[in-house]
Every structure is written in structure tokens, then in C-alpha cells.
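Me: Could you help me learn to read a protein structure, one feature at a time?

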Amino acid sequence: MGAGGGFDVYSGIPLYLALKEAGKEVILGNYAFSFLHSTICEEICPHAFRVTPKSRSQGYFPEHTLAEWLADQEHPSEVIAFQGTGVIPMKMAMEHIIQMYQIDTLILVDGGTDSMMMGHEAGLGTPVEDMTSIVAGGELELGRKYLVSIGFGVDHFHQVAHAQVLESIARQMEEGGFKGVLGFAPNEKPVQSFLDLVDRSNGTHANRQSIVANSIADAFRGKYGDVHATSRTRGSRLYINPLMSLYWTFELNAISKNILYRDWIRQTVTKEQVLKKIQACRMTIGHKGWEDIPLKLLNCKFVYLLGMIEKSG
């Protein structure tokens, strides 16, 4: 399930295909930004809809593009789309889908690393959707629950300090919540299929191409540095790098319990309530200043020192 809405489920496609090849039955889901009540979709239960190639919507609808692509690839073409809500309705919708499909494992996929921001960092990125999914998922009675994050570095565009991402990962290592890193070679079929899906989505969403999915695709293609696949990032500075193509894996409950505003949002019903509660918590607990990764700081200091030596002769 894509945790953060929009195209997050796309970031899980290489993992989805690898699991299918291993003989697993996998159901795809996504926290949806589209207004699903205006689409031609079957409402399975409150806040959860079945998207198929026959579904229709005017404009932005990543789940439908995915369903069409799956059908063309001769995969099961059903995608469960969860309408944006607060934690309580999301948990209820998740529970219904888990029972309906007899699901034994939940994997939340975050395209980006802002799901690792616990609340006191310099910037949280776009936390509402991620944290609604994580907190709701953390309260499910399910034996195996994971968060996987792919796209290390992309959230610099959303004011996330990646030194603080690494700090959060280190804490998970210390507490036992970190489960390891998974990577795919660019020439492997799951990656090639993902790249094909991103290219197709760029055509169907020409005015709203995914920043995250395109950044991850560029990382898989071996691009590096300030590379812009979409005009949406023009005027900003990106850092496309190989770490963007790796899945960082965590126990979902280990992530959820460390969210400083978890108890603030557990009883929310709407997205607006989630946002207000996060903002209120931030005002109460405060937050850190910006931090760069120390290697970069050392490099900057070294360059500055060389400059001073050169000036002094």
C-alpha cells in the first residue's frame, strides 16, 4: 500500500513484482488524492474503492493508470484506493480490506523518506498522508507489518534534512526496528517494468508528473546530481543519487511508536484534523534546526580552508 498518497504505490512496483515472482499473492492499495466519489469505481466499504481499467475520472487518477498498466502486463488489474481521511476511518477501511482478502502481511511504501520524521526535526516534508497510514496501520491486529522507504534524498525538495533521516534510521537500528536494505539492479525485470510504468504515467499525467517516481526512475537509470525529469522541479536543486533506488525496511510498529504526535492524531477523522494536530504538537514540543550530513560539512570546511590558504599565499 502506498502510504503517502498520489504515486507512492508506484514506488512499490519493483517489490510487488519480485514478490509475485516468488509465488506470493499480493493486493495493491494506495492512499488516494483523487476524489473517488466522483469516479466510476465500486465502493467496497466506507473510504475504500476498487479501481479497475474500466474506472474513469476526469484528470488526475494515478490508481487508474496503474490498473490499466497492470492489465496490459497481464497482471491482476485491481487496485484498492483509500479515500483521504483521518486515522480512525483509515484503520476501519484497512481492517475491512484485510479481512476481505485474508491478508497476513502489510507493507506500507513511502516514496521518499519523510515517513522517518518523528515530529521534532527541522522539516517534516508532507507528513499528513504518511502518518495517517502509519498510525492506522500500527494499530491493526496483524502479525507482519512493515514500512519500506525508497527515494533517499528526494525529500530535500520538501525541506527534509537527510542528516536527520539518518539519525532516525540509526535509532531504529539501536532499538531493533530496522530490517535491512533491499536493492534491485537496473537491468532486472522489476525495475524495467517500473520504468515503463513511470513513462506511461508521465504521458497520462502530463501536467502533474510525479516528482518522487521520476527521481527514483532517474536514480535507477544512473543519473546523478541536479537532474530534472519533470518541469515541476524547475527552479529547485535536486540531488539524484544511487541511494534513491534502495528500499530501507522497518518494522511498522517500531516506527509508529516513535512518532511524537501519534497520540495527538489517533482519534482524527479528517485530513484537516491530522494537519492541525501535527501543527499543534510542533508548537508544543518545538523542533531542531537544519542539519547537513557531516561529510558535506567537512568538505565545505576543507574547501573554505584551501581558499583561505590560497588567499594568504
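Me: Which residues in α4 meet residues in α10?

Reply: P127, V128, E129 and T132 of α4 meet K271, V274, L275 and I278 of α10. Contact here means heavy atoms within 4.5 Å. Helices (H or I, at least four residues) and strands (E, at least two) are DSSP runs, numbered from the N terminus. Before we go on, this is a predicted model, in which local features need pLDDT of at least 70, side-chain atom pairs count only at pLDDT 80 or more, and totals for chains, interfaces and linings use all residues. Residues are numbered from 1 along each chain as its sequence is written, and side-chain values use heavy atoms, with hydrogens and water left out.

Me: How do I describe the way two helices pack?

Reply: Two packed helices are described by the angle between their axes and the distance between the axes. The axes are lines fitted to C-alpha atoms, for helices over the stretch in contact, and angles run from 0 to 180 degrees between N-to-C directions. Here, the axes of α4 and helix α10 (residues 271-285) come within 10 Å and cross at roughly 100 degrees. That makes α4 roughly perpendicular to α10. The naming goes like this: angles under 35 degrees count as roughly parallel, over 145 as roughly antiparallel, 65 to 115 as roughly perpendicular and the rest as oblique.

Me: At what angle do α3 and α4 pack?

Reply: They pack at about 60 degrees, and their axes are 9 Å apart. α3 is therefore oblique to α4. V87, M90, K91 and M94 of α3 make the contact with T132, S133, V135, A136 and G137 of α4. α3 passes α4 in a right-handed crossing. (A crossing is left-handed if the near helix is turned anticlockwise from the far one by less than a right angle, and right-handed if clockwise.)

Me: Now for sheets. What should I look for?

Reply: Strands of a sheet pair through backbone hydrogen bonds, either parallel or antiparallel. Two strands count as paired if DSSP finds at least two bridges between them. β5 and strand β6 (residues 144-150) pair in the parallel sense over 7 bridges, and L108 stands opposite L147 in β6.

Me: What about the inside of the protein?

Reply: In soluble globular proteins, nonpolar side chains tend to be buried together. A nonpolar core is a set of buried Ala, Val, Leu, Ile, Met, Phe, Trp, Tyr and Cys residues joined through side-chain atoms within 4.5 Å. The largest one here has 43 residues, and F82 and L108 have the most contacts inside it. Helix α3 (residues 87-101) gives the most to this core, with 6 residues. A second, separate core of 21 residues includes F49, Y60, L70 and A81.

Me: How many residues of helix α7 are buried?

Reply: 10 of the 10 residues of α7 (residues 211-220) are buried, so this helix is largely enclosed by the rest of the structure. Buried means under 20% relative accessible area, exposed over 50%, and partly exposed in between (1.4 Å probe, protein chains only). The cover over the buried residues of α7 includes β5, β6 and α6 (189-204).

Me: Where is A229, and what does A229 touch?

Reply: A229 is in the loop between α7 and β8. With a relative accessible area of 40%, A229 is partly exposed. Not counting residues up to four places away in sequence, A229 touches Q209, N214 and D218.
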